[in-house]
Amino acid sequence: MTITFERPVGAWADIEELEYIAALHQTCTPELRRDGSVSATDIVHFLSSRYGIKVSIEEVQETIIKGLCGGGGDFEDECIDLTEVTAIILIPFLVKAAANEQTDAFEIEDIIQMVLDMILLDATGDTTPKILDKTLVQQMFGAYGETELVMNRDDVIKQMIDAASSGEVDEDGNPKACIFDKQAFARALTMDVRKYDVGNESSVSAHYFDVIQPCNNSPKSNSSARSDIRNIATTSEEDSHLLSGGSGTDREGSYSAMPLEDDDEEMPAPNDDGIREVDRIFTWPSIDYTADSHRSKLFYIVLWLCAIFTYLSYMVQVDVHNFHASCSNFVCQVENGVITWTVIMIQLCFLGTIFITCASVGQSIYSSSKLATLFGMTTIAFCTILPNYYEVETPLFNTTEDTFGGETRKGSLVTGCILISLHFCHLLRLMIPDRLLVKYKMLHRIFTPGLSKAEYQTKQAALYKVKSMVKNAYDVHNHEGESFMTGSLLSSGSAYGKALLHFSMMKGLALEEVGGFMWTWKRILTRKLFTEDGVRLQSRVIAGNVTQLLVCIYFASFVFFRYSESSSGVVSSINVFFGLRRSLEGQSMPSLTDDFLVGDDDFTIEQLVMSYFPKAWVFDVSDMFASICAVLACLSIALVYIPSTVSTVLKLRSGAIQSLQGKKFLRLRKTEEQVTMLYGGFFWGILLTALAIYGFVFLVVFLITWNVTRVYSVPLVATLCGLFITVGFKTLVLTCLKSNFHVAFYRKKPAQANFTIVVLECWNLGLTLGYMFVRATKLVLASFLYIGRIDTPFISPEAGEIFGSELDAYPTAFLKDVVSHEAHHHPYLERLGVMYMMKLRYGDSFAKTSGSCWRLLFVFALMPWMRKYRLMQQHENDGTSFTFGQFRMQYKPEKRHSVAKEHKHCQEEDSLYETISSVKMSQLEFEISDIKEENVALKKKVEELETKLKGDLFDIIKLSQTDVSLFKES
């Protein structure tokens, strides 16, 4: 899998990403709903897994779907379709736009006014503001084929008109008629969502605490300021630099965390403001590596390094063979093997789990308990410091022996001390008086948890991506300078049709190259990868990559110090290279074995054998080359993991790796426990790669330098060098002849080209032997390198399966980890989660059906291509009310059913998917053809008018000339 790739840019890229988040959000089995809809069950599982919120399917249907869905949740098993998801994501953008906050970097003109003009043009034929009444509302929705949203729903229409009205009354006390202008449209879009605080987007805080805050009447908080400040968690992530674009607004409560001793503690009871109670379940957040609810990635990284060092120091040297010390037969050896792996299982599953779990206590973002922090510190000290002072020997744990020369014990001690210091920093934070944190803002930043910083970056990414989506839609309407603001489209009579036509023409036109090694690290250093692309790297990948880098550093330092501490130092290394050169020229180097060759007369059999024994410099030069190659191989693997992860995420989002419409994506939704193999794969994989590369290079160099095999290996190397020179000459000749004989797949000079092909085919009959030898060598080296590359498949998909079983499951497990993490932290899903929690928290006071209908109308006008994701669930729409300007649509589309509604358990057949897709495509194709016919008709009408105008002018000029001549005669 290559790192660099080209991804689409513009509205088509936004469609791919929206389909991707729909595939992530869905939890139905065994198939995905290809229409991209989200059901109540999906929302229940998302809230539980991401935020630990306990909610029932009925509550989601009555609360979330009823308000956020344009249909109002009036039907059983009603879903939120992808168009409605887009409208939900746009809520913060619309709140800002209604408050006249400009879209800064994107330079979009007044977006609300532009969309209003499009709606009025499509519905009424001109952009003049009209009186907002029931008829106009039905006209506007009918223009986009959405009559069912306002059909027989007088109460919803009345709420929509009330939301747009300013509330002014006339002299008689009657409400004034609402003129549907920009201000009225802005009120209609945002009246029901004004409880959303746009200031949260610039605060360094977690999404959960932006919404779920303690009620004022809660006995756990004397004041909101105290509850906000009391639970600022300790930062243990990289704090040496500030976040790009500033470190966030220093608002009261920006760095807050809710006071929860336990994760399953319930929220306070509802207060007089109608705030609802939200129940939580116990999720064990300190070891939640999927939702990353632990305070800091640094603690997680060091904790697993400490676990590795502790295991290698005190557990790996346990002698399990003592159970059968005199074992000689095969059955007995099998028993030893079973005992060995059973002991390893008990050591890691029992002792390892206890250590990781207990050491993490107090590191949850929700924890504010000093006792929990002290317990975590005690556990780490007991497992990493005390074994250095007390000798204990048990079948599972042994501190009396030192297998690795004390290096791993030092690592265990150092990492343990780092973990204790991180716990101590949090403990120190809990002892700092709240008034100091209020007074000194710098303390806020110092003690802000790494999780809050990461979620701040996700907020900035969501803000950037939504603005980019709106800008891309604006560019479709503004295609080649045709803009509503300039009035060039007002005469065409169809904004909807023009946008669809431009959208279909723009597919595949704009591409950008992303995902390279330098591109990724540059985006990381500038923080744009986090604040614009919204990529949030998994803790598991970061920890594994840091472990790999430490392995590389250890190997490099081991090689360096081994040669620098030798008797002759650098001079010895130089002599080794010159010795190799003289050896290849037929000269021999003096060595310790030369002392046995005292003369021909005293030559014995023992001395003859020793004369064939490899000399010391042969081992030295082989070891040197092998060590350097092993270190370089490890570095090449370790440095590419983060760029590879970023590239995989971007491929999923851009559609390069199919999600909603791809069948292979379904494999990633099964056996999620495979991701637990990754961290061990990171560590052991790079170790095995280093050993394999070392052994291969050592063997090759040894065979070249040893005097016994040199007589065979040197001629072989010389032959290969001759082959390379010959192939280079052949390539040069072919480069010159290709431009003369061939162009692409065709021959400019067939006779000469045919003759050249015969010559080359004869020549290659001999060359291919060398090619096969080189190919085998490259495949062996590549297989060694890819032992440590568990992020990408080495075997092709066609050859990677035997009888339905994968030969290499690690790349799939890696992809599962990426997708699982994205399902919890994609910027769009995080924003959806905030809206879900706002709806649960405030109920009918936030996001009403009337407001959702207005926002759907906004999406229909700005992004008409999203209509293909609409689900018709109420009345049959015959399509006759669907108009493009002054031209009425004559085609009657088939009803698009909600797959979730008709198939409760999502066990759909492929034929149903194909039918739905074909209906959608036929509708879109017919609409585009209808637009083209409309344009042709308009052009003909313009030509007729121009012809008629020219004729009228000619007649006028002729009459004028006649009148002038008559006047002169008179």
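Met518, Lys522 and Leu525 are exposed, and they sit on the face of H20 turned away from its buried side. This is a predicted model. Helix H20 spans residues 517-525, and its buried residues are Thr520, Arg523 and Ile524. These three lie on the same side of H20, because they cover an arc of only 105° around the axis. The cover over the buried residues of H20 includes helix H21 (528-531) and helix H25 (616-654).

Arginine 527 follows H20. Its place is in the loop between H20 and H21. The phi of arginine 527 is positive, about 65°, although the residue is not a glycine. Most residues other than glycine have a negative phi. Is arginine 527 buried or exposed? Arginine 527 counts as buried because its relative accessibility is 14%, and the cut-off for buried is under 20%.

## Leucine 639 on H25

Helix H25 also holds leucine 639. Which residues does leucine 639 touch, leaving aside those up to four places away in sequence? They are Phe517, Trp521 and Leu549. Phenylalanine 517 is 122 residues from leucine 639 in sequence. In space, the two C-alpha atoms are 8.7 Å apart. Leucine 639 has a relative accessible area of 37%, so it is partly exposed. That class runs between the 20% and 50% cut-offs.

## Other backbone features

Threonine 671 also has a positive phi, about 45°, and it is not a glycine. Threonine 671 lies in the loop between H25 and helix H26 (678-705). Its relative accessibility is 40%, so threonine 671 counts as partly exposed.

The peptide bond from threonine 29 to proline 30 is cis, with omega near 0°. Most peptide bonds are trans. Proline 30 is placed in the loop between helix H1 (11-25) and helix H2 (40-51).

Helix H7 covers residues 134-143. Its buried residues are Leu136, Val137, Met140, Phe141, Gly142 and Ala143. Glycine 145 follows H7, with a positive phi near 70°.

## Cavities

How many cavities of 30 Å³ or more does a search of the whole structure find? The search finds 14. The largest cavity holds about 140 Å³ of space. It is lined by 16 residues, and the closest to its centre are Tyr196, His207, Lys459, Arg831 and Val834. Helix H10 (207-211), helix H18 (450-477) and helix H30 (827-842) each give two or more residues to this lining.

H30 supplies the largest share of the lining of the largest cavity, with six residues. By type, the lining of the largest cavity has eight nonpolar, three polar and five charged residues.

## The chain as a whole

The chain has 970 residues, and 50% of them count as buried. It has 33 helices and ten strands. Take the contacts between residues at least 6 apart in sequence: 79% of these join residues at least 24 apart. The accessible surface of the chain is about 46700 Å². Carbon and sulfur atoms account for 61% of that surface.

Technical notes. Residues are numbered from 1 along each chain as its sequence is written. This is a predicted model: local features need pLDDT of at least 70, side-chain atom pairs count only at pLDDT 80 or more; totals for chains, interfaces and linings use all residues. Side-chain values use heavy atoms; hydrogens and water are left out. Buried means under 20% relative accessible area, exposed over 50%, partly exposed in between (1.4 Å probe, protein chains only). Helices (H or I, at least four residues) and strands (E, at least two) are DSSP runs, numbered from the N terminus. The arc is that of the directions from the helix axis to the C-beta atoms. Contact means heavy atoms within 4.5 Å. On a 1 Å grid over the protein atoms alone, a cavity is a set of points where a 1.4 Å probe fits but cannot get out, and a pocket is an open set with protein on both sides within 12 Å along at least five of seven lines; lining residues have an atom within 4 Å of a point. Grid points are joined across faces, edges and corners, and a volume is the space filled by probe spheres set on the points. Ala, Val, Leu, Ile, Met, Phe, Trp, Tyr, Cys and Pro count as nonpolar, Asp, Glu, Lys and Arg as charged, and the others, Gly among them, as polar. Accessible areas come from the Shrake-Rupley method with a 1.4 Å probe; for residues, only the protein chains shown count as cover.
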